[in-house]
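Dear colleague,

Please find below the structure that I am handing over to you, with its sequence. My notes on what was found in it follow.

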Amino acid sequence: GVKGVEYQPFIQKVFETIGMAKVAGSAMEAQKLDLLRESDLISMNSGRLIGEAKKTVLALVSQGHRRRPMQEKMLALGTDVYSLILVGLDQMHEAGYITDYDRVVGTKLAFVIAGGNLTAPQVVDEQYFLDLEREAFLSLCGEKRTQERMVHMLETGKPLRN
């Protein structure tokens with residue numbers, strides 16, 4: 001790892017959560033997926049969600065809350081992590097767990113998570129990752145198979161594995 005930090009389990013969890021489109025069926029599951037913090041408010045009554053959310057937002061505004069600034073320092077791990085994820089994608093493809101196009105999408109995701117083509121770990125700002133993400137998203141949106149997946153999801157509510 002980088003300076004003694006074991007990053008592989010964290011990277012694997014992030015990749016699986018995004019790449020496998022894992023969703024939470026409850027707030028507790030969302031916390032396990034690290035989509036919610038322990039300190040985030042949870043409403044158990046779905047009929048009160050909007051009212052409670054509005055109340056929370058108004059309270060934050062009255063306390064002078066501002067949008068959090070972008071993180072100035074984030075670690076992009078580079079090609080070592082990218083290669084590691086690609087090996088995993090190849091194994092999943094060979095085993096028949098993912099389609100050819102799942103591997104294409106996964107490769108784009110791996111590039112973003114790794115922080116691009118950096119040959120060594122490097123400190124970057126959050127905008128660097130956002131730019132990589134936008135580039136990957138837009139390039140995938142231009143692909144016929146992505147468009148087929150979006151149409152299928154909108155029409156059926158179910159993912160297409162093309």
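From the N terminus on, the elements of the protein chain follow the order α-α-α-β-α-α-β-α-α, which amounts to seven helices and two strands. Please note that this is a predicted model. The C-alpha trace spans about 50 × 45 × 30 Å along its principal axes. Of the 162 residues in the chain, 21% are buried. Among contacts with a separation of 6 or more, 60% are between residues 24 or more positions apart.

The largest pocket may be of interest for your work. Its volume is about 1,600 Å³. Lining it are 43 residues, of which Phe15, Ile18, Gly19, Val105 and Leu109 are the closest to its centre. Two or more lining residues come from each of α1 (8-19), β1 (74-76), α4 (79-94), α5 (100-114), α6 (126-141) and α7 (144-156).

Within α6, the buried residues are Glu126, Phe129, Leu132, Ala136 and Leu140. These lie on the same side of α6, because they cover an arc of only 130 degrees around the axis. As a general point, an α-helix has 3.6 residues a turn, so residues three or four places apart point the same way. The buried residues of α6 pack against β1, α5, β2 (122-124) and α7. On the face of α6 turned away from the buried side are the exposed residues Glu135 and Leu138.

One backbone feature also deserves mention. Aspartate 34 has a positive phi of about 65 degrees, although it is not a glycine. In general, most residues other than glycine have a negative phi. Where is aspartate 34 found? It is in the loop between α2 (27-32) and α3 (49-62). With a relative accessibility of 55%, aspartate 34 counts as exposed, because the cut-off for that class is over 50%.

With kind regards

Methods: Residues are numbered from 1 along each chain as its sequence is written. This is a predicted model: local features need pLDDT of at least 70, side-chain atom pairs count only at pLDDT 80 or more; totals for chains, interfaces and linings use all residues. Side-chain values use heavy atoms; hydrogens and water are left out. On a 1 Å grid over the protein atoms alone, a cavity is a set of points where a 1.4 Å probe fits but cannot get out, and a pocket is an open set with protein on both sides within 12 Å along at least five of seven lines; lining residues have an atom within 4 Å of a point. Grid points are joined across faces, edges and corners, and a volume is the space filled by probe spheres set on the points. Helices (H or I, at least four residues) and strands (E, at least two) are DSSP runs, numbered from the N terminus. Buried means under 20% relative accessible area, exposed over 50%, partly exposed in between (1.4 Å probe, protein chains only). The arc is that of the directions from the helix axis to the C-beta atoms. Contact means heavy atoms within 4.5 Å.
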